Amino acid sequence: MEQVAMKINGAAVSAPQGSTILEAARQLGVKIPSLCHHPDQRVKANCRVCVVEVEGSRNLMPACSTRVAPGMEIRTNTARVRETVQTILELILSNHPQDCPNCIRNGNCELRQLAADYGMREYKADIEPVALPIDTSTLSLVRDPNKCIKCGRCAEVCHHVQETGILYSHFRSTDIGVAPEYGKQLSEVNCVLCGQCVLVCPTGALHEKDDIPAVWAAIDNHEKHVVVQVAPAVRVSIAEEFGQAPGTIATDKLVSALRFAGFDRVFDTDFTADLTILEEGHELLRRLQTGGTLPMLTSCSPGWIKFMEHNYPDLLPHLSTCKSPQQMFGALAKTYYAQLSGIAPEDIFVVSIMPCTAKKFESARPEMADSGYRDVDAVLTTRELGRLLRQAGVDFNKLPPGEFDAPLGVSTGAAALFGATGGVMEAALRTVYEVVVQEELTEVNFTEVRGMAGIKEATVDLNGLPVKVAVAHGLAHARRLMDDVRAGQADYAFVEVMCCPGGCIGGGGQPYGTGTASREARIAATYAVDAAMPLRKSHHNPAVQQLYQDFLGQPLGEKSHHLLHTAYCDRS
Amino acid sequence: MNIRRNGQSDLVFNIEWQGGQTGAQIDLPDYLARGGYQALRRALATDPAQVVQTVKDAGLRGRGGAAFPTGLKMEHVRDNLELERYVICNADEGEPGTFKDRFVMTHLPFQLLEGMTLAAYAVGANRGIIYIRYEYPEAQASIRHSIAAAVEAGLLGDNILGSEFSFHLEIFSGAGSYLCGEETALLSSIEGKKGRPRLKPPYPTQSGLWGKPTLINNVETLANLPAIIGRGAVWYRSLGTADSPGTKLISLSGDVNNRGLFEVPFGVSFREIIESCGGGIKNGRKLKAVNIGGASGVVVPPHELDCRLEYGACAKREITIGSGAVFVLDDTRSILDNVRNRAAFFLHESCGKCTPCREGLRQVNRIIGALCGGAGTASDLAKLERYTRTMQQAAFCGLGQAAGNTLISSLAYFRSEYEAACRDVQPAAKKEGTA
């Protein structure tokens, strides 16, 4: 790319043509503060904390929206710039609750960090008390408008990445706010609870509902046998909560940490991910063989399910009836595992560690009680787990490695793939191929369904039968596919959809800082986890084989139907 | 009365309107009888590029407040590869104390329609919109009837005056927001979006209404075109000064004997405007201050009034011509009251998008409220200056950047009034006012 020569703070530098001052400066190691800017989003230029001096310009220029030009002389560190940035921070803080220690973002708030960087120890502005009602109407998300700095990052992701269009910037002047339409609460609109808004919020205005107290209460209650399951995507992201780089694989430390925290058994959602492949793979084959509704759509992602129930109720028969791995785990924990361990199901407390905020909602769906009890009792996001472990006094990076407990902790590489977009498809193809073709699949990597492209397609030859599949991630892409399905223009047999960009590794419950770069790093780590596993096909999982032999019988059998499958409702 | 210079017998508008009078509308037959639509007839016989060149030669600058060279803007629209283009007239005249566009629309509608048609021909647009503020029902009615009459007479619509050129014009009513007078917010408003400004670049000339190249000009700017094209750039330049050719409509209000709308050539001094047009200060009182350029303009003391109405001269003295509003305050008026009124107006009208404007105005209003209630302090004055400076330096759009102009200029010229309102400034230390 052509380079543009210019000066930043007197030093002659160059940057690619078309880059903004902010991008150029950061590339060159010059820090410019920002709040409304997000590297994955369009430029908004609302907050104005990134203003810099540009020679020849009367006013300061926002670095986020001003493109570099040949010969430009930029100054980021002058009295004028500092005074303006400090004043803008002062103005934001003057309308912001002054209770950082009470805030869930204490420690990782972007506004608080800037306030610290700029020495904002004394608020010179008059504090405007704010006391707007806090929206706690959903089981997944909390929206605290008092902490909103009107940067617009949440609305941007809600409208342009997910195209759910739930959060709007509304009203004007000091009444401006970002909220659902007509002052409604999140529970009253078609919010799918994906939590992508939380990931991009710079402050505590949007966050997950904190379920840590319920988990501590169960751990502290010695009558309860507390088992924990960990989703595939958490092992490649939890280390970020403890300062490690995105893409760090921390499966063994994670197991030790959970034991340290006091969980009685540390199990793996990967076990039921393998099980899901067997159930869903056979469901696909049955649909193919009996003229069932096609394409069949995956059903692991609760935000995606809720999206379908709100927006495409006519397509619900396309959804696989399989419960998600989280819910299969819950149903088995209080039946199969209860039998095995001789512990009464009412004494078992199931905790999930999920990269997802919608999983909290899913676990509370009335359908999810086929064990006779609520199948999953509490769901913590990756971020909450980070906090819980800190509260437990875990020095994560120094922990010795640990191993999952058997049998609900045994898994294959195929299950690990569930965390990345295309992973469920790839895992399913590995099993479906061998079931149909009856010979060993030697090349297990289906690279056509990997990667960050919004919609991916592949055709697999099953004994002369070409099976066309598609993969979408992020609801904007999912919507494109569903419109095609609705119009009868999709000739796929099987479609995988994940609600969040990149799949679960980019879920709304993942560590702050999640963006395209960290998503790609976590996806690479996910494939590394798979490649390192001795078994890489779900149907080879010995614990799953044992489960069918001792308890379930066969895939799609009577017991599976009762415990592992579900139905959906029209929420339109 | 109009101030005439260099023996000129006529100006661009040749109007004069004082409070209480309601002159008759120049209807289409009247307008034609005065030579109306001769300019369009002449333009249609020439190359559109020639029209743009004439406007450039005439040195016309935008009369809405930003004073951008109109010919250059036209050229930017004209030079686009995209052939679907729009001409938009910004008639969202929301600047307090400004009423020139309303008068043009109610009394000289065909001069505006001819001007828009000329602009459309020059830039190659076939569709136009007049964005008229909601609060101007008379202007909307007048323009609606005039568009119908022009269409009837073959002066608008398909094949204007038998030529190949077609231009369709419609009215879009604003909904009451001051901010929609900002050109990109106006575009968003027409598109059915929130009336908030957009990022520039891309400029409307490249990507305007519905993403198409768009010429947006103020009513007065467009209404200058028939005279420029009809009588030529040389004639136009005989009015005004070399720096600022032509005339300006001045909305004169406040404590003067004759309040109203006056057309003056550039180059006259503000003192002349107040004395000759305004007939001096009402009730024989003393002049205290003049607010020039509307609520987003400056407040200056009498000694600044020798400044000539001219873009260059005014810029040197940080006087904003703006929309041409001149609001006169006599010696009974409180500067602080005036500033409080302005600050409240802007707080109400801020779109809320950017921090400096939204939060800056919130704090400014609190402080001025405190000063007016006798609870202000000297440190408040420093804060006022700092917040206003931040708004000027860092707000998203021109309106936010200008929202503090009244405040910052009055703090410079009338600081004693602010200090007198501070509870911690001793009377002994309170200096004599400069006014």
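Leu118(B) sits in helix α6 (residues 109-123) of chain B, where helices (H or I, at least four residues) and strands (E, at least two) are DSSP runs numbered from the N terminus. The model is a predicted one, in which local features need pLDDT of at least 70, side-chain atom pairs count only at pLDDT 80 or more, and totals for chains, interfaces and linings use all residues. Residues are numbered from 1 along each chain as its sequence is written, chains are lettered from A and ligands numbered from 1 in the order in which they are written, and side-chain values use heavy atoms, with hydrogens and water left out.

With a relative accessibility of 1%, Leu118(B) counts as buried; buried means under 20% relative accessible area, exposed over 50%, and partly exposed in between (1.4 Å probe, protein chains only). Leaving aside residues up to four places away in sequence, Leu118(B) touches Ala39(B), Leu40(B), Ala43(B), Val51(B), Leu225(B), Pro226(B) and Ile229(B), contact here meaning heavy atoms within 4.5 Å. Leu225(B) is 107 residues from Leu118(B) along the chain, yet 7.1 Å separate their C-alpha atoms.

Zooming out, chain B is assigned domain 1 (25-237), domain 2 (247-330) and domain 3 (335-429), with bounds that come from an automatic or database domain assignment. The centres of domain 1 and domain 3 of chain B, taken over C-alpha atoms, are 36 Å apart. Twelve residues of domain 1 of chain B are in contact with nine residues of domain 3 of chain B. The size of an interface is often given as the accessible area lost when the parts come together. Domain 1 and domain 3 of chain B bury about 980 Å² between them, with 76% of it on carbon and sulfur atoms; buried area is the accessible area (1.4 Å probe) that two parts lose on being put together, summed over both. Tyr178(B), Leu179(B) and Pro197(B) supply 52% of the area that domain 1 of chain B buries against domain 3 of chain B, more than any other three residues. The side of domain 1 of chain B that touches domain 3 of chain B has five nonpolar, four polar and three charged residues, with Ala, Val, Leu, Ile, Met, Phe, Trp, Tyr, Cys and Pro counted as nonpolar, Asp, Glu, Lys and Arg as charged, and the others, Gly among them, as polar. Zero salt bridges are found across this domain interface, a salt bridge being a side-chain nitrogen of Lys or Arg within 4 Å of a carboxyl oxygen of Asp or Glu.

The interface between the chains comes next. The contact takes 32 residues from chain B and 35 residues from chain A. Chain B and chain A bury about 2900 Å² between them, 44% of it on carbon and sulfur atoms. Within chain B, Arg362(B), Arg386(B) and Gln393(B) lose the most area to chain A, together 20% of what that side buries. Three salt bridges cross the interface of chain B and chain A. One joins the side chains of Arg386(B) and Glu90(A) (2.9 Å, N to O). On the side of chain B that touches chain A, α13 (335-349), α14 (355-372) and α15 (378-394) of chain B each supply at least two residues. That side divides into nine nonpolar, twelve polar and eleven charged residues.

Another salt bridge joins the side chains of Glu349(B) and Arg172(A) (3.2 Å, N to O). This pair crosses between chains, from helix α13 of chain B to the loop between β7 (168-170) and β8 (177-179) of chain A. Glu349(B) is buried at 8% relative accessibility, whereas Arg172(A) is partly exposed at 26%.

Over all chains, the whole structure holds 68 salt bridges. Within chain A, the side chains of Lys537(A) and Glu434(A) meet in one of 2.6 Å, N to O. Lys537(A) lies in the loop between α17 (516-531) and α18 (542-552) of chain A and Glu434(A) in helix α15 (residues 423-437) of chain A, so the pair ties together parts 103 residues apart in sequence. Lys537(A) is buried, with a relative accessible area of 5%, and Glu434(A) is buried at 12%. A network of salt bridges links Glu53(A), Glu55(A), Glu73(A), Arg75(A) and Arg80(A).
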